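Here is a short briefing on surface and pockets. Look over the model first, then read on.

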Amino acid sequence: MELAMGVALGSGVQVALFVVPVVVVAGWVMGKAMTLSYPTFEIAIYLMSVLIVAHLTVNGRSNWIFGSTLVTTYALIAVAVLFEDESSISEQ
């Protein structure tokens with residue numbers, strides 16, 4: 001379980017620390033506007049997901065209800081993004 005948690009959480013950290021800045025620099029080189037200025041809605045979603053994962057992984061054990069919670073959270077985020085007002089995204 002510890003190895004699986006390390007791989008799963010380590011991948012997210014690697015993306016956050018390496019891939020996102022590389023994409024921003026690549027966008028700058030190509031002349032595309034790719035900034036780290038996220039809409040408030042997306043920041044709230046990221047914060048919520050970090051808090052939920054931290055809460056579920058704090059003791060290093062898991063069961064089916066934790067997995068169900070994560071899948072339900074993923075589905076709710078997908079539905080929220082689907083129905084998000086696009087005008088708020090374009091304002092930023």
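Predicted model: local features only at pLDDT ≥ 70, side-chain atom pairs only at ≥ 80, totals over all residues.

Val-22 sits in helix 1, which spans residues 2-30.

**Surface patch**
- Val-22 belongs to a nonpolar patch on the surface.
- Its other members include Phe-18, Val-19, Trp-28 and Met-34.
- Together, the residues of the patch have about 1,000 Å² of accessible area.

**Largest pocket**
- The largest pocket holds about 220 Å³ of space.
- Its lining includes Ala-8, Leu-9, Gly-12 and Val-13, along with Tyr-46 and Ser-49.
- Two elements give two or more residues to this lining: helix 1 and helix 2 (40-57).
- Helix 2 supplies the largest share, six residues.
- By class, the lining has seven nonpolar and three polar residues, with no charged ones.

**Second largest pocket**
- About 190 Å³ of space lies in the second largest pocket.
- Its lining is made of 13 residues.
- Nearest the centre of the second largest pocket lie Met-5, Val-53, Leu-56, Thr-57 and Leu-70.
- Helix 1, helix 2 and helix 3 (64-82) each give two or more residues to this lining.
- Helix 1 gives the most, with four residues.
- The lining of the second largest pocket divides into nine nonpolar, three polar and one charged.

Definitions and conventions:
Residues numbered from 1 in each chain as written. Heavy atoms only, no water. Patch = residues over 30% accessible without salt bridge, like charges linked within 9 Å, V, L, I, M, F, W, Y side chains within 5 Å. Areas by Shrake-Rupley, 256 points an atom, 1.4 Å probe, with all protein chains shown as cover. Salt bridge = Lys/Arg side-chain N within 4 Å of Asp/Glu carboxyl O. 1 Å grid on protein atoms, 1.4 Å probe; cavity = no way out; pocket = protein on both sides within 12 Å on 5 of 7 lines; lining within 4 Å. Points joined across faces, edges and corners; volume = space filled by probe spheres on them. Nonpolar A, V, L, I, M, F, W, Y, C, P; charged D, E, K, R; others polar.
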